Amino acid sequence: MSITRNELQNYLNTLLNSNQIKDYCPNGLQVEGKAEISKVITGVTACQALVDRAVSEGADAILVHHGYFWKGEPAEVTGMKKRRLQQLLNNDINLFAYHLPLDVHPELGNNAQLAKLMGWHFDGAVDSSDPACPLVTGRLEQPMLDDEVAAHLEEKLKRQLVCRVTGGHKIEKVAWCTGGGQGFIDRAAQLGVDAFITGEVSEPTIHSAREQNVAFFAAGHHATERYGVKALGEHLAEHFKLEVKFIDIDSPA
């Protein structure tokens, strides 16, 4: 089966509510390729390795969470940027990217899919009036010690934690934000959670966790954001009967 580029773009934009979400990059079709799409490669980041795999797989489109054209980046098309774009254009491959819209979707989003993977109860975004709010809360099925939560994260994500801060108490109520969400720790602490989970850590994060007695787990930006784009691709495969393949180009970050 196949679908036109415009049909796929319109469907994704509507499904992910991308027009209502202010972001740091364009969401949707970032690089135009062939008009008809039957095979899609999905991945976390549109790095050169993923683009090369898409070419070797004969894909018509790439769908990622981290695409191109970020706010504040150099505008010149040189070096790494030139090589990536040249490979896409030479092979007529479409690039679709959804950043915050794919973080916050209540079913297919990174936050929702991380909860599903971990077996957490997902309560939803802390600010339902803000469609771009990526901070969510939920609960563990049963209270766990810090070490147990850490071991569970490492088991499910299949990698060691980047960093952790012990809260000194059992954990039941949690807040999380996949990827680079460490800046939300103070807001999470104000919610009275026992722990905050994200992908990355910054120097001030450690002090905030310690001083507010919140357990903190940085589990990896890439590792916490594998699951939204994979789920979205599986949804497209079922809905449109497209050939969709998820390729995980690993990153330790």
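How many positive and negative side chains does the protein have, and how far apart do the centres of the two sets lie? I counted 24 positive and 33 negative side chains, with the two centres 3 Å apart; Lys and Arg count as positive and Asp and Glu as negative, leaving out His and the chain ends, and each charge is placed at NZ of Lys, CZ of Arg, CG of Asp or CD of Glu.

I note that this is a predicted model, in which local features need pLDDT of at least 70 and side-chain atom pairs count only at pLDDT 80 or more, while totals for chains, interfaces and linings use all residues. Residues are numbered from 1 along each chain as its sequence is written, and side-chain values use heavy atoms, without hydrogens and water.

I next looked up the cysteines. My search of the whole structure found zero disulfides, a disulfide being a pair of cysteine sulfur atoms within 2.5 Å. For cysteine 25 the closest cysteine sulfur, in cysteine 177, is 14 Å away and therefore too far for a bond. Cysteine 177 is in no disulfide either, since its nearest cysteine sulfur, that of cysteine 133, is 8.2 Å away. I found cysteine 25 buried at 11% relative accessible area and cysteine 177 buried at 6%, where buried means under 20%, exposed over 50% and partly exposed in between, with a 1.4 Å probe and protein chains only.

Then I turned to the whole chain. Buried residues make up 52% of the 253 residues. Among contacts (heavy atoms within 4.5 Å) between residues at least 6 apart in sequence, 66% join residues at least 24 apart. Along its principal axes the C-alpha trace spans about 55 × 40 × 35 Å.
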